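Trainee: I would like to learn how to read the features of a model. Please take me through one.

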Amino acid sequence: MDTSLPIGTGGAIIEALGAKIIRPFVPYGNGHVGHICRIDETSTETLLKQVTELFDIPYADFEGKRHDLLHRIAIVPGCGDVVADMQEAELLGAQAYITGEIHCHIDNPYGKQHTRK
């Protein structure tokens, strides 16, 4: 599902953000799970607000540099905590990296934090 744009999570995020795919990255199986995309110019703060509303979540973890104007993002649905993928996204010009899960910091509805074993 992660590599299927028409019906997968990545495709849904790309569509919901009104993003345009520039190029795939993060090869996985018979496709790619990540995409470098262009979005309408926005700020980090506005993008954070947009994704928290989109996913109906109380907050989004943020790390790194805040931008007043950003237009190129990486979208990696599911587990996107691979440092090499984050570095590649940055080399490909991504100013923000949107992913669904970082194993080192996951909150469930009960407020407990879990780590991968």
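The dialogue below goes from the overall layout to the salt bridges.

Trainee: What kind of model is this, and how are residues numbered?

Mentor: This is a predicted model, in which local features need pLDDT of at least 70 and side-chain atom pairs count only at pLDDT 80 or more, while totals for chains, interfaces and linings use all residues. Residues are numbered from 1 along each chain as its sequence is written, and side-chain values use heavy atoms, with hydrogens and water left out.

Trainee: How many helices and strands are there in the protein?

Mentor: Helices (H or I, at least four residues) and strands (E, at least two) are DSSP runs, numbered from the N terminus. Here there are 3 helices and 6 strands, in the order α-β-β-α-β-α-β-β-β from the N terminus on.

Trainee: Which residues of helix H1 are buried?

Mentor: Buried means under 20% relative accessible area, exposed over 50%, and partly exposed in between (1.4 Å probe, protein chains only). In H1, residues 9-16, the buried ones are Gly-10, Gly-11, Ile-13 and Ile-14. They cover an arc of only 160° around the axis, taken from the directions from the helix axis to the C-beta atoms, which puts them on the same side of H1. These residues pack against strands S1 (20-28), S2 (31-42) and S3 (70-79), a contact being heavy atoms within 4.5 Å. Just after H1, Gly-18 has a positive phi of about 65°.

Trainee: In what sense do S3 and S4 pair?

Mentor: Two strands pair if DSSP finds at least two bridges between them. S3 and S4 (residues 96-101) are parallel, over 5 bridges. The chain goes from S3 through helix H3 (residues 83-91) to S4 in a right-handed β-α-β crossover: with the strands pointing away from the viewer, the path from the first strand over the helix to the second runs clockwise.

Trainee: How many salt bridges does the structure hold?

Mentor: Side chains of opposite charge can pair when their charged atoms come close. The criterion is a side-chain nitrogen of Lys or Arg within 4 Å of a carboxyl oxygen of Asp or Glu. The structure holds 2. In one, the closest N and O atoms of Arg-66 and Glu-45 are 2.2 Å apart. Arg-66 lies in the loop between helix H2 (44-54) and S3, and Glu-45 in H2, so the pair ties together parts 21 residues apart in sequence.

Trainee: Where do Glu-53 and Lys-49 lie?

Mentor: Both are in helix H2, 4 residues apart, about one turn of the helix. Glu-53 and Lys-49 form a salt bridge with closest N and O atoms 3.8 Å apart, and both residues are exposed.
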